[in-house]
Amino acid sequence: MKSDLRKNPQRSMGRYWLAMSDASAFTLVRSAIAVADALRRDMADQAQVVTAISAPEVAVQLLTAAEGAWGKGKATHLMAQLADVRNHDCYCRARAWLLLRDAVASLPTVLWAQEKLTARRELLDDIERQANAARAETAPLPSKLELREQEWRESVMRR
């Protein structure tokens with residue numbers, strides 16, 4: 001191939017473009033697998049949610065979401081493909097959604113077609129809405145008055 005390029009550079013240019021395209025695709029897939037592996041690890045460590053599929057399968061799901069230009073309304077489908085968070089408490093669910101959002105945001109933007117970048121933004125917004133909904137279920141911090149009342153009740157109970 002090297003000598004062929006020197007003899008007739010126009011003839012071999014297509015091979016080099018294909019090789020460069022393959023290298024670019026390989027790098028994108030490796031990046032997606034690295035993001036998927038980090039997502040699985042972080043979901044287990046930080047959200048106590050075990051993904052039902054392996055890292056390459058998570059990468060396939062993330063790549064499918066990018067290639068299919070999943071947007072609004074697809075966040076729950078994506079999370080369902082990765083793990084079942086329905087039986088976890090609101091803190092774990094919120095953390096899992098935030099980790100998924102960070103993973104999707106860290107994927108290379110070239111995975112989405114230029115005209116489909118709005119779908120990426122819609123998917124990220126949908127994931128953010130799911131995280132906010134899970135966080136909204138958490139109990140608010142007690143006020144000073146509630147803390148004082150709790151202390152008073154404890155002191156009365158000690159007497």
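Predicted model: local features only at pLDDT ≥ 70, side-chain atom pairs only at ≥ 80, totals over all residues.
Start with helix α3, residues 55-67, and helix α4, residues 75-82. Their axes come within 10 Å and cross at roughly 165 degrees. Angles over 145 degrees count as roughly antiparallel. α3 and α4 are therefore roughly antiparallel to each other. The crossing of α3 and α4 is right-handed. On the α3 side, the contact uses Val58, Gln61, Leu62 and Ala65. On the α4 side, Leu78, Gln81 and Leu82 meet them. By class, this contact of α3 with α4 has 5 nonpolar residues, 2 polar ones and no charged ones.

Now follow α4 to its packing with α5. Here the axes are 11 Å apart, and the angle is about 100 degrees. Angles of 65 to 115 degrees count as roughly perpendicular. α4 and α5 are therefore roughly perpendicular to each other. From α4, the residues in contact are Ala75, Thr76, Leu78, Met79 and Leu82. They meet Ala96, Trp97, Leu100 and Val104 of α5. The contact of α4 with α5 divides into 8 nonpolar residues, 1 polar residue and no charged residues. Leu78 and Leu82 of α4 meet α5, and these two residues also meet α3.

Next comes the pairing of α5 with α6. Helix α5 covers residues 90-106, and helix α6 covers residues 117-136. Their axes come within 8 Å, with a crossing of roughly 165 degrees. Again, over 145 degrees counts as roughly antiparallel. α5 and α6 are therefore roughly antiparallel to each other. Their crossing is left-handed. α5 brings Cys90, Arg93, Ala94, Trp97, Leu98, Leu100, Arg101, Val104 and Ala105 to the contact. α6 brings Arg120, Leu123, Leu124, Ile127, Glu128, Gln130, Ala131, Ala134 and Arg135. Sorted by class, the contact of α5 with α6 has 12 nonpolar, 1 polar and 5 charged residues. Trp97, Leu100 and Val104 of α5 take part here, and these three residues also meet α4.

Finally, turn to open space. Rolling a probe the size of a water molecule over the atoms shows where empty space is left. The largest pocket holds about 160 Å³ of space. Its lining consists of Thr76, Met79, Ala80, Ala83, Asp84, Val85, Arg86, Arg93 and Trp97. Which helix gives the most to this lining? α4 does, with 3 residues. α4 and α5 each supply at least two residues of the lining. By class, the lining has 5 nonpolar, 1 polar and 3 charged residues.

Some lining residues link back to the helix contacts. Thr76 and Met79 line the pocket, and both belong to the α4 side of the contact with α5. Arg93 lines the pocket and belongs to the contact of α5 with α6. Trp97 is part of the pocket lining, meets α4 and takes part in the contact with α6.

Methods: Residues numbered from 1 in each chain as written. Heavy atoms only, no water. Axes fitted to C-alpha atoms, helices over the stretch in contact; angles between N-to-C directions. Helix = DSSP H or I, 4+ residues; strand = E, 2+ residues; numbered from the N terminus. Parallel < 35°, antiparallel > 145°, perpendicular 65-115°, else oblique. Left-handed = near helix turned anticlockwise from the far one by under 90°. Contact = heavy atoms within 4.5 Å. Nonpolar A, V, L, I, M, F, W, Y, C, P; charged D, E, K, R; others polar. 1 Å grid on protein atoms, 1.4 Å probe; cavity = no way out; pocket = protein on both sides within 12 Å on 5 of 7 lines; lining within 4 Å. Points joined across faces, edges and corners; volume = space filled by probe spheres on them.
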